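Here are my notes on this one, written for someone opening it for the first time. Keep the view open while you read and click along as you go.

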Amino acid sequence: MSIRHPGNPNRYLLSRSLAPILVTAQDILEYDLDSTPVDPRGRTSVLERFIHGEVYKARPDVGAVIHSHSPTVVPFSVTQVPLRPVIHAASFLWVGVPVWEIRDAGDPAGATMLVRNGVLGKSLAAKLADKPVALMRGHGNVVAAPSVQTAVRYAIYTEVNARMQAVAIGLGGPINYISPEEGAAMGRTPADAGRAWDLWKKKALAK
C-alpha cells in the first residue's frame, strides 16, 4: 500500500522492500511520481513501486493505491469470466473490472511479469483508467481510492466478492448480479466505513 503525500501531491509514501507485517515508520520512503526515492539512505525500494507512481500521475483523485496478490481474483484474470459484484459490499465493482495483460504493454512472454519500470506502470494505469480495481493477468490486482480506508475496503471486498462469485458459478445456473442501478445507488449512499476500519486496524496492530 502507498498513500499520496499529504503535503505534496507530486510525491507518495511507500514502505521499503519488506514484508508488510514487518514494516515500521522508519521503513517508509518518499518517492516522486517517477518512483525515484527522495532520500533512500541505503534502503531498498520495492521493485513494483512504478504501479503506484503511474497511478498517482494518471489519477489526481487517488489518495491511496494497493497492489496485492489477492488469490481468488487470479482465476478471473486468466479466464474469460469477468469479475462482477455479487454482494452489496462489493457493489463498487459494477463499473467493470478490466484485466491488464503485461504482454500487451510490450513485455515479452516469459518475462518476469513484474511492473518493474515506468512504461509498464503507465500501461497498467491506463488499463485501470477511472475504475477502482484492475486485475493483472496471472498476478493479482491494483486498487485505487481517495483514501487509505476506502482502498483497504475495496481490496478486502474485491477478494471476498471473488470467492462468493466463484461459489455461485460452481452452483450453476444464471447468477443474479448486483445491477448497475443498484451499484450506482450504493455509491451515492454514505458508508459506515469507520466500523470495519477500526476492526481491521485493531487486527493489524495486534500482529
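**Notes on the model**

1. Let's start with Ala90, which sits in the loop between α2 (74-78) and β5. Helices and strands here are DSSP runs numbered from the N terminus (H or I of at least four residues for helices, E of at least two for strands). Keep in mind that this is a predicted model, where local features need pLDDT of at least 70, side-chain atom pairs count only at pLDDT 80 or more, and totals for chains, interfaces and linings use all residues. Residues are numbered from 1 along each chain as its sequence is written, and side-chain values use heavy atoms, with hydrogens and water left out.

2. Is Ala90 buried or exposed? Its relative accessibility is 0%, so Ala90 counts as buried. The scale runs like this: buried is under 20% relative accessible area, exposed is over 50%, and partly exposed is in between, using a 1.4 Å probe and protein chains only. Leaving aside residues up to four places away in sequence, Ala90 touches Pro85, Tyr157 and Asn161, where contact means heavy atoms within 4.5 Å. Phe50 is 40 residues from Ala90 along the chain, and their C-alpha atoms are 27 Å apart.

3. Phe50 takes us to α1. This helix is largely enclosed by the rest of the structure, because seven of its nine residues are buried. Which ones are buried? They are Phe50, Ile51, His52, Gly53, Glu54, Val55 and Tyr56. The partners that the buried residues of α1 pack against are β1 (2-4), β2, β4 (64-68), α3, β6 and β7.

4. Two of those α1 residues turn up again in the largest nonpolar core. A nonpolar core is a set of buried Ala, Val, Leu, Ile, Met, Phe, Trp, Tyr and Cys residues joined through side-chain atoms within 4.5 Å. The largest has 23 residues, and those with the most contacts inside it are Ile51, Val55, Val65, Trp100, Val115 and Leu124. Two or more residues each come from β2 (11-15), β3, α1, α3, β6 and β7.

5. Now the charged pairs. How many salt bridges does a search of the whole structure find? The count is nine, a salt bridge being a side-chain nitrogen of Lys or Arg within 4 Å of a carboxyl oxygen of Asp or Glu. One of them joins Asp34 and Lys57, at 2.6 Å from N to O. This pair links distant parts of the chain, 23 residues apart: Asp34 is in the loop between β3 (28-32) and α1 (50-58), and Lys57 is in helix α1. Asp34 is partly exposed at 47%, and Lys57 is partly exposed too at 38%. Glu54 joins Asp34 and Lys57 in a network of salt bridges.

6. Compare two other pairs. Arg41 and Asp39 meet in a salt bridge at 3.3 Å, N to O; Arg41 is exposed at 62%, while Asp39 is partly exposed at 43%. Glu101 and Arg137 form another, with the closest N and O atoms 2.7 Å apart. Glu101 lies in the loop between β5 (99-100) and α3 (118-128) and Arg137 in the loop between β6 (133-136) and β7 (140-145), so this pair ties together parts that are 36 residues apart in sequence. Glu101 is buried at 17%, and Arg137 is buried at 17% as well.

7. A cavity is a set of points on a 1 Å grid over the protein atoms alone where a 1.4 Å probe fits but cannot get out, and a lining residue has an atom within 4 Å of a point. The largest cavity holds about 40 Å³ of space, where grid points are joined across faces, edges and corners and the volume is the space filled by probe spheres set on the points.

Notes:
On a 1 Å grid over the protein atoms alone, a cavity is a set of points where a 1.4 Å probe fits but cannot get out, and a pocket is an open set with protein on both sides within 12 Å along at least five of seven lines; lining residues have an atom within 4 Å of a point.
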